[in-house]
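Student: I have a structure open in my viewer and would like to learn how to read it. Could you walk me through a few features?

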Amino acid sequence: MAHSARIQITESPGLSKDGTSGHQPSYLAYGLALRSDVQFLNLPRLPETDSVDAFVRKGNELVSPRRPGDEDGRYVEGTAQALTIGWNSVGELHIASGHTIDISPRRGIGDDVLGPLVLGVGLGVLLAQRGEFVLHASSVSVPEGTVALLGFPGEGKSTLAAALVRGGFQLVTDDVLALRWEDGEVPRPRRGHGGLKLWPDALRAALHENESGYARVHPDFEKRMVWPGLVATPPPPLAAAIVLSPGLAIDIERIEGQASMIEILRHAYLPRFLTSVGVTATHFGQALRLAHSVPILRLTRPPGLELLPQVVKAVEDHMNSLVANPAQ
Amino acid sequence: MIDDSATITITKNHLSATIGDEVVLLGLTTGTYYGLEAVAMHVWRHLQRARTFGELLDEIVCVFDVARCDAVRDVSEFIRTLEAEGLASVSSESAL
């Protein structure tokens with residue numbers, strides 16, 4: 001269900017009608033005004049406003065026993081419009097109706113850990129609940145438009161995005177790409193929150209920086225949240241979607257026919273959490289529209305962060321050549 | 001194996017999309033999607049009207065360079081997959 005109208009809130013003195021714990025600040029992320037109990041030090045603060053798109057609320061401490069989860073200790077339950085995602089060492093996010101993210105944290109878990117979760121999976125699911133087409137992708141703005149980098153976890157989406165930012169391009173989103181068709185056949189991405197989640201070796205290779213001084217995104221992982229500062233505002237329309245895959249050589253080729261749409265569906269955000277539901281008719285229609293809108297490409301490259309400069313050059317060269325030869 | 005006289009009918013429980021010359025299917029019950037190319041796409045398009053399995057095989061061996069015994073195995077497997085996903089029904093008696 002789409003939610004285009006903003007929700008008008010009238011607060012009573014001392015009691016917030018939205019359920020947040022008082023006069024909480026509002027932040028801007030993905031074009032949404034978020035009134036939040038979680039503090040986001042790196043997000044733009046909105047002026048005192050009663051126009052809010054969604055609420056982030058911290059609730060009671062989670063005391064229930066640990067549950068079976070995947071290899072990351074994560075578990076998922078619920079429906080597309082009322083989804084609970086839990087991490088045994090962190091707590092749970094309850095994301096509902098494209099409107100609320102309710103958090104039940106484990107004891108001792110603070111905003112430094114909750115913030116990246118809300119900005120990542122929390123807003124990814126919330127945007128999908130609002131009817132946006134959300135892909136598991138990072139993206140950067142190049143002269144030809146926005147390039148989406150699609151891939152499964154560990155394929156190097158954020159690392160390549162960081163290397164492209166280091167190369168002078170602007171970040172659009174990390175890990176969550178929400179697309180909207182506003183005025184034409186080519187979708188436009190929502191500007192993300194401006195952060196990038198990187199492993200220390202990727203941080204060193206892509207941005208030439210040391211991990212010290214960057215906060216961990218999760219107590220159990222070494223991954224760090226980085227704010228490169230170069231964020232495209234507003235992001236240009238999508239120019240291409242590149243699927244990252246392992247390979248023997250650095251190469252970019254166009255994915256033709258049904259395989260192009262299959263790749264888009266494989267990287268749709270919500271179905272990856274709701275495997276019992278799978279792809280819906282809405283996702284199917286959105287993926288078809290995207291496959292008809294922009295070139296869907298596959299980038300293969302051997303493993304090894306030392307190849308990042310060559311991979312960046314391959315992306316640059318290919319995007320350049322797309323302008324000269326759109327069929328490529 | 002499917003009997004030559006069995007009738008294959010596509011159900012309405014799906015969406016299909018054409019990309020270039022190929023087809024993507026979505027089963028609305030399971031949310032599972034499939035990309036169809038070459039023989040599978042030809043079978044799917046041929047099944048837009050109910051056919052017996054024998055008619056379907058005649059069409060495939062006529063259009064593609066494939067032995068009938070191989071076609072029986074491969075097409076049967078494909079039809080059973082469609083059936084399992086609720087995308088096609090296989091009736092044991094010819095309804096044509």
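This is a predicted model: local features need pLDDT of at least 70, side-chain atom pairs count only at pLDDT 80 or more; totals for chains, interfaces and linings use all residues.

Student: How do the axes of H1(B) and H2(B) cross?

Tutor: For a helix pair, look at the distance, the angle and the hand. Here the axes of helix H1 (residues 38-46) and helix H2 (residues 53-63) of chain B come within 11 Å and cross at roughly 135 degrees. Angles over 145 would count as roughly antiparallel, so this pair is oblique. The crossing is right-handed.

Student: Which residues make the contact between H1(B) and H2(B)?

Tutor: H1(B) contributes Val39(B), His42(B), Val43(B) and His46(B), while H2(B) contributes Leu56(B), Glu59(B), Ile60(B) and Val63(B). By class, that is five nonpolar, two polar and one charged.

Student: Is Glu59(B) buried, exposed or partly exposed?

Tutor: Count the neighbours: a residue is buried with 20 or more other C-beta atoms within 10 Å, and exposed with 12 or fewer. Glu59(B) has 17, so it counts as partly exposed. Between Glu59(B) and His46(B), the C-alpha distance is 8.4 Å, with the two 13 residues apart in sequence.

Student: And how many residues of chain A are in contact with chain B?

Tutor: On chain A there are 17, facing 17 on chain B. The elements of chain A giving two or more residues to this side are helix H4 (257-266) and helix H6 (281-293). H4(A) gives the most, with seven residues. This side of chain A has 11 nonpolar residues, five polar and one charged.

How values were computed
Residues are numbered from 1 along each chain as its sequence is written. Chains are lettered from A and ligands numbered from 1 in the order in which they are written. Two residues are in contact if their C-beta atoms, placed from the backbone, lie within 7 Å. Helices (H or I, at least four residues) and strands (E, at least two) are DSSP runs, numbered from the N terminus. Ala, Val, Leu, Ile, Met, Phe, Trp, Tyr, Cys and Pro count as nonpolar, Asp, Glu, Lys and Arg as charged, and the others, Gly among them, as polar. Axes are lines fitted to C-alpha atoms, for helices over the stretch in contact, and angles run from 0 to 180 degrees between N-to-C directions. Angles under 35 degrees count as roughly parallel, over 145 as roughly antiparallel, 65 to 115 as roughly perpendicular and the rest as oblique. A crossing is left-handed if the near helix is turned anticlockwise from the far one by less than a right angle, and right-handed if clockwise.
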